[in-house]
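Please read this report beside the sequence and the model shown below. It moves from the sheet to the helices and then to single residues.

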Amino acid sequence: MTQKAVNNAKVLYRLNVLRSDVEQAHKIFKKVPFLLETLTNPVVSEEVKEAVLDKIVRQCELPDLLGNFMKMMCRIGEIGQITDIFNCYYKYWDERNHILHAEVIYADEETKKEKASILKQLESIYPKEKIVLSEKTDASLLGGYVVHVGYEEYDHSYEGKLRRLERKLTGR
């Protein structure tokens, strides 16, 4: 993601466009891939691009503000990054609304029973945040679990414990 995408996402957030409206627009771009191709095509006139966006806004009952934002992205040549802009918007929205995404990777289905204690531990580390947990399973961990929160990693797996023990024994 480029800095332009991040900046445009912040602008979109400051326009007070509802997240649900942004999600709906994002779904449209995902479902209709040739829409982005049309909007980024230099042969297609700006008037046609704006007419297409107006029609989408009307038919999907999106707010005019979001439609105007997308038109502006067309005018300045940034519409090709609209998916990145939407993804950055979600991250920025979550940050502003104190929502923290964490990923737990379990070694097996049995370890999933520890979800409540993991959530409790994360809530104590990040007391002001609402924790949203996503889950995966990876048998290569041998046992236990690993939690990823942003750039932080909390490794409670057997593999991680063995690695730490090895470093301790070898002095590395």
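The paragraphs below describe the strands, the helices and a few selected residues.

This is a predicted model, in which local features need pLDDT of at least 70 and side-chain atom pairs count only at pLDDT 80 or more, while totals for chains, interfaces and linings use all residues. Residues are numbered from 1 along each chain as its sequence is written, and side-chain values use heavy atoms, with hydrogens and water left out.

**The sheet**

Helices (H or I, at least four residues) and strands (E, at least two) are DSSP runs, numbered from the N terminus. Four strands form an open sheet of mixed pairing, in the order β2-β1-β3-β4. The edges are held by β2 (130-137) and β4, each of which has a single partner strand, so one side of each is left without a neighbour in the sheet. From one strand to the next, the twist averages 20°.

Two strands are said to pair if DSSP finds at least two bridges between them. Strands of a sheet pair through backbone hydrogen bonds, either parallel or antiparallel. Here strand β1 (residues 99-106) pairs with β3 in the antiparallel sense over five bridges, and β3 pairs with strand β4 (residues 152-157), also in the antiparallel sense, over six bridges. The bridge partners of three residues are set out in the table.

| Residue | Bridge partner |
|---|---|
| Y106 | Y145 in β3 |
| V104 | V147 in β3 |
| G144 | S157 in β4 |

Strand β3 (residues 144-149) is mostly covered, five of its six residues being buried, where buried means under 20% relative accessible area, exposed over 50% and partly exposed in between (1.4 Å probe, protein chains only). The hairpin of β3 and β4 has two residues between the strands, and within this hairpin G150 takes a positive phi near 60°.

**Helices on the sheet**

Axes are lines fitted to C-alpha atoms, for helices over the stretch in contact, and angles run from 0 to 180 degrees between N-to-C directions. Helix α7 (residues 115-125) lies across β1, β2, β3 and β4 and runs at about 140° to β2. Helix α8 (residues 158-170), in turn, lies across β3 and β4, running at about 95° to β4.

**Helix packing**

Helix α2 (residues 19-31) and helix α3 (residues 33-40) pack with their axes 4 Å apart, at an angle of about 90°. That makes α2 roughly perpendicular to α3, a term used for angles of 65 to 115 degrees, whereas angles under 35 count as roughly parallel, over 145 as roughly antiparallel and the rest as oblique. On the α2 side the contact (heavy atoms within 4.5 Å) is made by I28, F29, K30 and K31, and on the α3 side by P33, L35, L36 and L39. By class, this contact of α2 with α3 has six nonpolar, no polar and two charged residues; Ala, Val, Leu, Ile, Met, Phe, Trp, Tyr, Cys and Pro count as nonpolar, Asp, Glu, Lys and Arg as charged, and the others, Gly among them, as polar.

Helix α5 (residues 64-75) has twelve residues and reaches 16 Å from its first C-alpha to its last, close to the 16 Å expected at 1.5 Å a residue, the expected span being 1.5 Å times one less than the number of residues. Its buried residues include L66, F69, M70 and M73, and what covers the buried residues of α5 includes α1 (3-14), α2, α3, α4 (46-59) and α6 (82-96). Just after α5, G77 takes a positive phi of about 80°.

**Selected residues**

L133 lies in strand β2 and is buried, with a relative accessible area of 18%. Not counting residues up to four places away in sequence, L133 touches A102, V104, K115, L119 and L122. D94, in helix α6, is likewise buried, with a relative accessible area of 7%. Leaving aside neighbours within four places in sequence, D94 is in contact with R19, I99 and H101.

Which positive phi values occur in residues that are not glycine? E61, found in the loop between α4 and α5, has a positive phi of about 55° and is exposed, with a relative accessible area of 69%. H98, found in the loop between α6 and β1, has a positive phi near 55° and is partly exposed, with a relative accessible area of 42%.
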